[in-house]
Amino acid sequence: MATRDSIDVVIPVHNRWSLTERCLELLREQTIPHTVIVCDNGSTDDTVERLGEAFADVRLVVLGANTGFTTACNRGVAAGNGQTVVLLNNDVECRPDFLERLVAPLADDAGVGSVAGLLLVPGEQHIESFGLSVDPTLAGYPRLRGANVADAQATDPLLIGPSGAAGAYRRTAWEEVGGLDEGVFAYGEDVDLALRLRAAGWETVAVGDAVAVHIGSASAVARSSWQRHQGGFARGYFLRRYGVLRGRFAVRALVTELLVVTGDAVAFSHDLAALRGRVAGWRAARGLERVRLPADLADARITFIESVKLRLGVYSAKTAS
């Protein structure tokens, strides 16, 4: 049996106390010992005070401002010393055996650096994500989103790593690659981490019986201009860091981005926030060392048409972020 110090559950939060409270209550029911580290990103709804009153056993990291998902997660991980790190959104409700099943592959195989659980939408009939996959342009997608729970499997499309909403990481693997890239505020950071872990030689697995419900869609609001700018920023930033526009899929990447940005501006948002974000992200990555990735990490079976459909579907989806 693992000791309490062997698993750190890191939860970045920014307001939404009711979600955090429910998440922490369910973590108290887990079948395996663990340490919870809540990293508060400048909440203004008394989250910090309420945590101290209701969850004195939770380790609290107060950042004082909204520094972004990537920074909050990195600070939370740095505050712990568990051999295993679990990133968990505060709008994820875990079954009692979720942690125990999620971390099991890390104990069974020293070559495994990350583990993806099965996230369901409210009602538990359909999949929100079963890890992540990437197409040949290194755009990331939630695996099997929208599929029936009965169709969950770990091989198709190709698994690249866990979603940052609920994923386990071996601390030595996390530290080897430097954790999340703080060059982006949010969006795409879990895909990037997954790619860098795989490039470093770490394996990843998906566990179908590590089940949690991602309730974000139940309280979703349309993505704001700011959120779409940040999503575009991350895409532009990583396109440059990976050198995608210098590779064989440069034309496909450019055409896909053009279609996604145009579709968003014309059919959904009626503004250019996504385009401006991409330009800003591209500029922010100027001069940074290129991240070199093996060609076999992408799922070549994801065709151009499928990529466009997936990108528009994910991009126009509602989110509770």
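**Reading the features in turn**

Modeller: Begin with a cysteine: Cys23 is buried, with a relative accessible area of 2%. Keep in mind that this is a predicted model.

Biologist: How many disulfides does the structure hold?

Modeller: The general idea is that a disulfide is a covalent bond between the sulfur atoms of two cysteines. This structure holds zero disulfides. Cys23 is in none, and the nearest cysteine sulfur, that of Cys94, is 5.9 Å away. For a disulfide, the two sulfur atoms would have to be within 2.5 Å.

Biologist: What is the distance from the sulfur of Cys39 to the closest cysteine sulfur?

Modeller: It is 7.7 Å, to the sulfur in Cys73, and that is too far for a bond. Cys39 also counts as buried, at 0% relative accessibility.

Biologist: Which residues are in contact with Val92, leaving aside its neighbours within four places in sequence?

Modeller: They are Cys23, Leu119, Ala165, Ala166, Ala212, Val213 and His214. Val92 is found in strand E5, residues 92–94, and counts as buried at 0% relative accessibility. Val92 and Cys23 are 69 residues apart along the chain, yet their C-alpha atoms are separated by 6.4 Å.

Biologist: Let us turn to strands. How many of the residues of strand E1 are buried?

Modeller: Seven of the seven, residues 7–13, so E1 is largely enclosed by the rest of the structure. Both of its faces are covered.

Biologist: In what sense do E1 and E2 pair?

Modeller: They pair in the parallel sense over six bridges, and Pro12 stands opposite Cys39 in E2. E1 also pairs with strand E4, residues 84–88, in the parallel sense over four bridges. There, Val10 stands opposite Leu87.

Biologist: Now helices. How is a packed pair described?

Modeller: By the angle between the axes of the two helices and the distance between those axes. Here H8 and helix H9, residues 273–284, pack at about 140° with their axes 8 Å apart. They are therefore oblique to each other. An angle would have to be over 145 degrees to count as roughly antiparallel.

Biologist: Which residues make the contact?

Modeller: H8 gives Glu257, Val260, Val261 and Asp264, while H9 gives Ala274, Leu275 and Arg278. These divide into four nonpolar, no polar and three charged.

Biologist: Which residues of H8 are buried?

Modeller: An α-helix has 3.6 residues a turn, so residues three or four places apart point the same way. H8 covers residues 250–269, and its buried residues include Ala253, Glu257, Val260, Val261 and Asp264. Just after H8, His270 takes a positive phi of about 60°.

Biologist: Where does Leu144 lie, and is it buried or exposed?

Modeller: Leu144 is in the loop between strand E9 (140–142) and strand E10 (166–170). Leu144 has a positive phi of about 65° although it is not a glycine. With a relative accessible area of 17%, Leu144 is buried, the cut-off being under 20%.

Biologist: Where does Asp46 lie?

Modeller: In the loop between strand E2 (35–40) and helix H2 (47–54). The phi of Asp46 is near 70°, again a positive value in a residue other than glycine. At 43% relative accessibility, Asp46 counts as partly exposed.

Conventions: Residues numbered from 1 in each chain as written. Predicted model: local features only at pLDDT ≥ 70, side-chain atom pairs only at ≥ 80, totals over all residues. Heavy atoms only, no water. Helix = DSSP H or I, 4+ residues; strand = E, 2+ residues; numbered from the N terminus. Buried < 20%, exposed > 50% of the residue type's maximum accessible area, 1.4 Å probe, protein only. Axes fitted to C-alpha atoms, helices over the stretch in contact; angles between N-to-C directions. Parallel < 35°, antiparallel > 145°, perpendicular 65-115°, else oblique. Contact = heavy atoms within 4.5 Å. Nonpolar A, V, L, I, M, F, W, Y, C, P; charged D, E, K, R; others polar. Pairing = 2+ DSSP bridges.
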